[in-house]
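Student: I would like to go through a structure one feature at a time. Please give the general idea where there is one, then the case at hand.

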Amino acid sequence: MSTDDERRRRDARHPRDLQRLPELLPAAESLPGIARVAASAAWHTAGWGARTSAKAWLRVGRAATSQEEAAALARDAGHAIAVVGELARTVSAGTPVGRALMSAGADLGGLVPASSSSSAAGETVDGEVVAGRLWETSAPEPPSLRDLGHELLSRSRDVWSTDQGHPAYERILSEMAPDEARILVLLLNKGPQPSVDVRTGGPIGMVSSQLIAPGLTMIGPRAGCRYVDQVPAYLNNLFRLGLVWFSREALRDPMEYQVVEAQPDVLAAMHSVKFAKVVRRSIHLTPFGEDFCRTCLVEEDAADAAFPEHGTPGDGESVGPGH
């Protein structure tokens, strides 16, 4: 009996299988690819599990002795259970398996492919790469400056916004020393502070006066600073942050300068030259600095109290430290 006759008899015994042959062939051809995807996914999942299980057990050990770690571990576990449940619902709703797995990985830890160049090594299901690539954690791409600008303008049009305080205040607090906070509280509560420069005087000083000691004050002792010798550096930093300004003008009350001019460092500077003179100046809070103090450094119920008035820098009046 010929081979053709045997094939015709076998087809006659199984007519239904013969009719379904066009449907079965694509599925049969895809089986090796699916098997490779499953094997690769299992391999990478096992490797990831081995790495994370060690970290998980370390967290369990810490949770046994730390109430905060125990609470954080419970929150993470609840989040993982919720993500797994969402994954099952998404797949049952018809979402491709690859896309659902990538979404779940992002929710659990921000897992993304290590590089786009490795995508060629991966297998796909419905066009989604699900295996065959290295994975790594990745932070979301930060918004552009233009996006941040548009968001800022959008917030400016929000009449229901309850934002309080300038957004730079948090950064400023992180760039200040504790003694600098004491200086600001002194300026807020006691008003502008006297400052003196010691310069060369006499007949020559009238033509060309040289600076001997700039910006001598009593701010350190009056504010209760821990490191009084660092006060010039503190004032430089507060000037850099836009919280204080240095005026060429003296305070209205000359009595404010008597204690300052009697200090040892002022007397030593005056006695270091044959002819010396004292130039009186003052140190003020800027309007920005005053609002910063009211918002960050005083109690909320005292923020609207009446504090001593500070001068506002005009043209040519505001100078830098040591000028």
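Student: Is Leu238 buried or exposed?

Tutor: This is a predicted model, and in it Leu238 has a relative accessible area of 0%. The cut-off for buried is under 20%, so Leu238 counts as buried. Leu238 lies in helix H11.

Student: Which residues is Leu238 in contact with, leaving aside its neighbours within four places in sequence?

Tutor: They are Glu180, Ile183, Leu184, Leu243 and Val244. Take Glu180: 58 residues separate Glu180 from Leu238 along the chain, while their C-alpha atoms are separated by 7.4 Å.

Student: How do the axes of H8 and H11 cross?

Tutor: Helix H8 covers residues 178-190 and helix H11 residues 231-240; their axes come within 10 Å and cross at roughly 75°. Angles of 65 to 115 degrees count as roughly perpendicular, so H8 is roughly perpendicular to H11.

Student: Which residues of H8 and H11 meet?

Tutor: H8 contributes Asp179, Glu180, Ile183 and Leu184, and H11 contributes Tyr234, Leu235, Asn237 and Leu238. By class, the residues of this contact are five nonpolar, one polar and two charged.

Student: Next, aromatic rings. What describes a pair of them?

Tutor: Two quantities do: the distance of the centres and the angle of the planes. The structure holds three aromatic pairs. In one of them, Tyr169 and Phe292, the ring centres are 5.2 Å apart and the planes stand at 75°, so the pair is edge-to-face.

Student: Where in the chain are Tyr169 and Phe292?

Tutor: Tyr169 is in helix H7 (residues 169-174) and Phe292 in helix H14 (residues 287-296). The two are 123 residues apart, and the pair links distant parts of the chain. Both Tyr169 and Phe292 are buried.

Student: How are the rings of Phe239 and Phe246 placed?

Tutor: Their centres are 5.6 Å apart and their planes at 50°, so this pair is tilted. Phe239 counts as partly exposed because its relative accessibility is 31%. Phe246, with a relative accessible area of 10%, is buried.

Student: Which residues form an aromatic cluster with Tyr169?

Tutor: Phe288 and Phe292 form one aromatic cluster with Tyr169.

Student: What does Leu173 touch, not counting residues up to four places away in sequence?

Tutor: Leu173 touches Phe292 and Cys296. Leu173 has its place in helix H7 and is partly exposed, at 42% relative accessibility. Between Leu173 and Phe292 there are 119 residues in sequence and 9.7 Å in space, C-alpha to C-alpha.

Student: Now the cysteines. What is a disulfide?

Tutor: A disulfide is a covalent bond joining the sulfur atoms of two cysteines. A search of the whole structure finds zero of them. For Cys293, the nearest cysteine sulfur is that of Cys296, 8.2 Å away, whereas a disulfide needs the two sulfur atoms within 2.5 Å.

Student: Are Cys293 and Cys225 buried or exposed?

Tutor: Cys293 is buried, at a relative accessible area of 0%. Cys225 also counts as buried, with 9% relative accessibility.

Student: How many helices and strands does the protein chain have?

Tutor: The secondary structure comes to 14 helices and nine strands. The protein chain has 323 residues, of which 25% count as buried.

Student: Which share of the contacts joins residues at least 24 apart?

Tutor: The share is 71%, taken among contacts in the protein chain between residues at least 6 apart in sequence.

Notes:
Residues are numbered from 1 along each chain as its sequence is written. This is a predicted model: local features need pLDDT of at least 70, side-chain atom pairs count only at pLDDT 80 or more; totals for chains, interfaces and linings use all residues. Side-chain values use heavy atoms; hydrogens and water are left out. Axes are lines fitted to C-alpha atoms, for helices over the stretch in contact, and angles run from 0 to 180 degrees between N-to-C directions. Helices (H or I, at least four residues) and strands (E, at least two) are DSSP runs, numbered from the N terminus. Angles under 35 degrees count as roughly parallel, over 145 as roughly antiparallel, 65 to 115 as roughly perpendicular and the rest as oblique. Contact means heavy atoms within 4.5 Å. Ala, Val, Leu, Ile, Met, Phe, Trp, Tyr, Cys and Pro count as nonpolar, Asp, Glu, Lys and Arg as charged, and the others, Gly among them, as polar. Buried means under 20% relative accessible area, exposed over 50%, partly exposed in between (1.4 Å probe, protein chains only). Rings of Phe, Tyr and Trp (its six-membered ring) pair if their centres lie within 6.5 Å; planes under 30 degrees apart count as stacked, over 60 as edge-to-face and the rest as tilted.
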